[in-house]
Amino acid sequence: MSKYVTASEAVKVVKSGDRVYLQAAAAAPTILANALTARASELRNVEVCHLHIEGEARYANPELADSFHVNSFFIGANVRHTLKAGNGSYTPVFLSELPHLFRKNVLPIDVAFIHVSPPDKHGYCSLGVSVEATVAAIENAKIVVAQVNPQMPRTFGDGILHVSEIDYLVEVDVPIYSHEVVPFSAEEEQIGSYIASLIEDKSTLQMGIGSIPNAALSKLKNHKDLGLHTEMFSDGVIDLIENDVINCNYKGTLRGRVLATFLIGSKRLYDYVNDNPFIEMKESSMVNDTARIRKNPKMIAINSAIEVDLTGQVCADSIGPQMYSGVGGQMDFIRGASLSPGGKAIIALPSTTKRGESRIVPFLKQGAGVVTTRGHIHYVITENGIADLYGKTLRQRASELVRIAHPNHQENIEREYYELLNKM
């Protein structure tokens, strides 16, 4: 019998009470997910679990709560509402640990929905732009169903799997979810300049998507012999690779190759990584492994935050008690960079929110989660400067962080901090 079936036929393998894993980010298998959602009236208590995924998430509609429950390992905007509506949950986990939850049967997978390139002449497909925990999900799942898409780039590394490992294949021809490069603001450009000033030649970079990473990358054109060992990357690295700024010649882990676990960017990025052996896509248990990250000399970890308090605690996953994103891989790389010879761990953020509220705060909001602790923090950067907190006392840290807060908030932040301390 042919493995090739329609989406509606393929999703019949899902039964009430099953746990279904969806491949993440730009590789989200939306056609399969939508076909599953169309069976809502036939199903009860199906858990749909995933990291952040691009595109729509029809199964997350609160009206379908009896049929589907969303279990997010990293919360995206398309499912954020499920936590308040009650048809979704969040499982805190480091990205480095997520594959182990499947392999140890802590979270057994019944069905994995994946998104692959067509098989080559030898029968091998590629998971393309997102490997993360999908390999572990495939190994653990009872049934594997794949969207087979000629627009999925073929990438090298852990995401190569033989068609014999897939139970059902559904042919599609759709664009991979993409993000065009957004121009950065004057504040973001200044933050990028400060970040670049800390990066030496022969450093290895970890940075994600967004205007601040792109602003930093734009300032590195005169650097030499940089490496890339990162959870993800986007378009900003392409010109640096093509101009031999990023050549990975001095990395300690996978020297001579870029290392990542998923990608989100424009079609230019996807065309660039297609069939490109310079790019290695590995599972997150390897890419985010602190022991491997620290082997890179001068490892630079650049991450963001929602708010930072005056003692150096970093909230990056919630707004007060309301979950916003997830633990992700921030601590994997913060710790790895800190232990690297000459490494630097950086938290970079604008000093204010879009509403003008300070993101450097006397104390974190009630219920806010600490992703990076005050014991792990090194550098914090805003458009107002660089705060070096490593080895500093609490009082010294407060002075450093007030200095890089927005001038309109500096006096109030410092006063509130010391007033509360004096009352205790």
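1. Lysine 344 is buried, with 14% relative accessibility (buried is under 20% relative accessible area, exposed over 50%, partly exposed in between; 1.4 Å probe, protein chains only). This is a predicted model, in which local features need pLDDT of at least 70 and side-chain atom pairs count only at pLDDT 80 or more, while totals for chains, interfaces and linings use all residues. Residues are numbered from 1 along each chain as its sequence is written, and side-chain values use heavy atoms, with hydrogens and water left out.

2. Lysine 344 pairs with glutamate 200 in a salt bridge, the closest N and O atoms being 3.7 Å apart (a side-chain nitrogen of Lys or Arg within 4 Å of a carboxyl oxygen of Asp or Glu). Lysine 344 belongs to strand β22 (residues 344–348) and glutamate 200 to the loop between α6 (186–197) and β11 (204–206), so the pair ties together parts 144 residues apart in sequence (helices, H or I of at least four residues, and strands, E of at least two, are DSSP runs numbered from the N terminus). Glutamate 200 is partly exposed, at 37%. The structure holds 21 salt bridges.

3. A salt bridge also joins lysine 365 and glutamate 307, with closest N and O atoms 3.0 Å apart. The two lie 58 residues apart, lysine 365 in the loop between β23 and β24 and glutamate 307 in strand β18 (residues 307–309). Glutamate 307 is buried at 2% relative accessibility, whereas lysine 365 is partly exposed at 41%.

4. Within helix α14 (residues 410–423), glutamate 419 and arginine 415 are four residues apart, so about one helical turn separates them. Their salt bridge has closest N and O atoms 3.7 Å apart. Glutamate 419 is partly exposed at 41%, and arginine 415 is partly exposed at 38%.

5. The largest nonpolar core has 77 residues, of which Phe102, Ile114, Ile195 and Phe233 touch the most other members (a core is a set of buried Ala, Val, Leu, Ile, Met, Phe, Trp, Tyr and Cys residues joined through side-chain atoms within 4.5 Å). Apart from this core lies another, of 33 residues, including Ala28, Val46, Met323 and Val327.

6. Phe363, Leu420 and Leu421 make a nonpolar surface patch of about 230 Å² (residues over 30% relative accessible area without a salt bridge; like charges joined within 9 Å, nonpolar side chains, Val, Leu, Ile, Met, Phe, Trp and Tyr, within 5 Å; areas by Shrake-Rupley with a 1.4 Å probe, only the protein chains shown counting as cover for residues). Phenylalanine 363 is partly exposed at 32% relative accessibility.
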